[in-house]
Amino acid sequence: RTLRNCRFSSISPSPICRLINTLVLGEHDGGFVKPSTLSAVTAASSISKDNSISILLGGSGSALEKAVSHAASFHPLISQVLVADSDILMHPLAETWADLVHLLQQKSGYSYIISASSSFGKNILPRSAAILDVSPITDIIQISEPHLFVRPIYAGNALCTVRYTGTDPCMMTIRSTSFPIPSIQADSNHDAAPISQVDLSIFNKEKSMKSRWLKLTSQETDRPELGNARVVVTGGRALKSADNFKLLEKLAEKLGAAVGATRAAVDAGFVPNDLQVGQTGKIVAPELYMAFGVSGAIQHLAGMRDSKVIVAVNKDPDAPIFQVADYGLVADLFEVIPELLEKIPQK
Ligand code: FAD
C-alpha cells in the first residue's frame, strides 16, 4: 500500500495508520474452515482497516484442498491463504505447528499472530510465543485499539484492560463468541484471495518430537457442535444418572440444540467431559441457553453468562442461576422436561 491510503492526524504530521499484517492460525474440519477461525478473522479485521490478513491452513489431502478454497472465497477480509501441505501437519501437535509459525514469522515479520481460544490455539500459540520470545495475551473479548485489549479474569467476574507494549508480533487468542462471523451477502461477488504454498523445504520434519499423535476419539452425533450451537440445553447433577440425561438429549433433538453439562454432572460420569460448560470446560454464547438442575456456580457461569437468552429450571428459588436467568422456573425438572417434550413440535 502507498502512503496515499494512510490517514494523517490533525496535530501530528506523522501517519497514524501503520501498515500491518496479521497471520491467523486456521483450523479446518471436513473441508471447511472452522467457525472459530472465521471469528479470529473478524477479530483481525477489527484491529485496523489497513490490515493485510493471511490465514494459515495445514495438513494434506482433499480435506485441506477444500478448506483452502473455502478460506479463499470466504470473505474479502482475507488477503491471502497460506497452505502448509504436509502429512506431519495433519494433527495439531504443538511442537510442529510452533516451528511452522516461527518459520513464517522469520519470513514475513507479522505484526499480529491470532488464533481462536480453542484447544488448537491454546496448545500452539503459547509455545510459538515462547519461541518468538513475546508474551501472548489470551482470551481477548474486545479489541479497543490496535494494542489495547479487554479480557476476562477471575472466571469472568472482572474484565481486565491490557495494553501490549512488547515487540512484534503481538500474539493473542480470542474468544470466538465475542467476534461474530461476518455475514456475507449471497450476491456478494468478491475476488477469491490468492493462495500461496508455504515452502517447507527448510522445515525440520525429522526433528525428534516430545509428543506424538495417537488417535482421535470423538462422539458421533448429528447434533450441532457445543461451541457454535444456536441453542444449548444443559443438565446438572440433579439429572442423577446417564439414563436421565437421555431426556435432555431428546429435548435437544427437538430443538436442534447441543447438549451441555456442568462439571458435577461430568464428574459423576453422566456424560463425557467434552460436554462440560464453564471455566474449565467450553465457553458458549448461544441465542438460547436452557439450564436444568444447574445451581449456577461462578465456574459454570464463566462459560455461559454471555448467552443471549438464559432459561433456568431449578427446584430452589434461591439458586444463583436465577440471578443471570432471563426466564426462571422454580420447578422439578423431571416434570418440566417431559411436558416440554410433549408440547414442543419436532424441529
Ligand atoms: P449442584 O451445585 O449440586 O446443583 C444442583 C442444582 O440442581 C441445585 O441448585 C438444586 O437446587 C437443583 N435441583 C436438584 N434437584 C432438582 C430437580 N429435580 N429439579 C430441578 N432442580 C433440581 N463447574 C462447571 O459447571 N463448569 C466448570 O467448568 C467448572 N470448573 C470448575 C473449576 C474449578 C477450579 C472449581 C473449583 C470448580 C469448577 N466447577 C465447574 C464446579 C462448580 O463449582 C460447581 O460445583 C458445579 O458447577 C455444580 O454443578 P451443578 O450445578 O450440576 O450441581
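View 1. At 14% relative accessibility, Phe270 falls under the 20% limit and so counts as buried. The model is predicted. Phe245 is buried too, with a relative accessibility of 0%. The ring centres of Phe245 and Phe270 are 6.3 Å apart, and their planes meet at 50 degrees, so the pair is tilted. Phe245 belongs to helix 5 (residues 242-255). Phe270 sits in the loop between helix 6 (263-267) and strand 15 (288-292), so the pair ties together parts 25 residues apart in sequence.

**View 2. Trp97 against Phe120.** The model has two aromatic pairs. In one of them, the rings of Trp97 and Phe120 have centres 5.1 Å apart and planes at 80 degrees, so the geometry is edge-to-face. The pair links distant parts of the chain. Trp97 comes from helix 3 (residues 94-108) and Phe120 from helix 4 (residues 119-132), 23 residues apart. Both Trp97 and Phe120 are buried.

**View 3. Ser128 in helix 4.** Ser128 lies in helix 4. Its relative accessibility is 1%, so Ser128 counts as buried. Neighbours within four places in sequence aside, Ser128 is in contact with Ala98, Val101 and Met171.

**View 4. Ala325 in a loop.** Ala325 lies between helix 8 (321-324) and strand 17 (327-330). The relative accessible area of Ala325 is 18%; with the limit at 20%, Ala325 is therefore buried. Leaving out residues up to four places away in sequence, Ala325 touches Ile310 and Ala312. Ala325 and Ile310 are 15 residues apart in sequence, yet their C-alpha atoms are 4.8 Å apart in space.

**View 5. The shell around the ligand.** The shell holds 25 residues, of which Arg237, Thr262, Thr280, Ser295 and Asn314 come nearest. By class, eight are nonpolar, twelve polar and five charged. Helix 6, helix 7 (298-301) and helix 9 (333-343) each supply at least two shell residues.

Conventions: Residues are numbered from 1 along each chain as its sequence is written. This is a predicted model: local features need pLDDT of at least 70, side-chain atom pairs count only at pLDDT 80 or more; totals for chains, interfaces and linings use all residues. Side-chain values use heavy atoms; hydrogens and water are left out. Rings of Phe, Tyr and Trp (its six-membered ring) pair if their centres lie within 6.5 Å; planes under 30 degrees apart count as stacked, over 60 as edge-to-face and the rest as tilted. Helices (H or I, at least four residues) and strands (E, at least two) are DSSP runs, numbered from the N terminus. Buried means under 20% relative accessible area, exposed over 50%, partly exposed in between (1.4 Å probe, protein chains only). Contact means heavy atoms within 4.5 Å. A residue is near a molecule or strand if one of its heavy atoms lies within 4 Å of it. Ala, Val, Leu, Ile, Met, Phe, Trp, Tyr, Cys and Pro count as nonpolar, Asp, Glu, Lys and Arg as charged, and the others, Gly among them, as polar.
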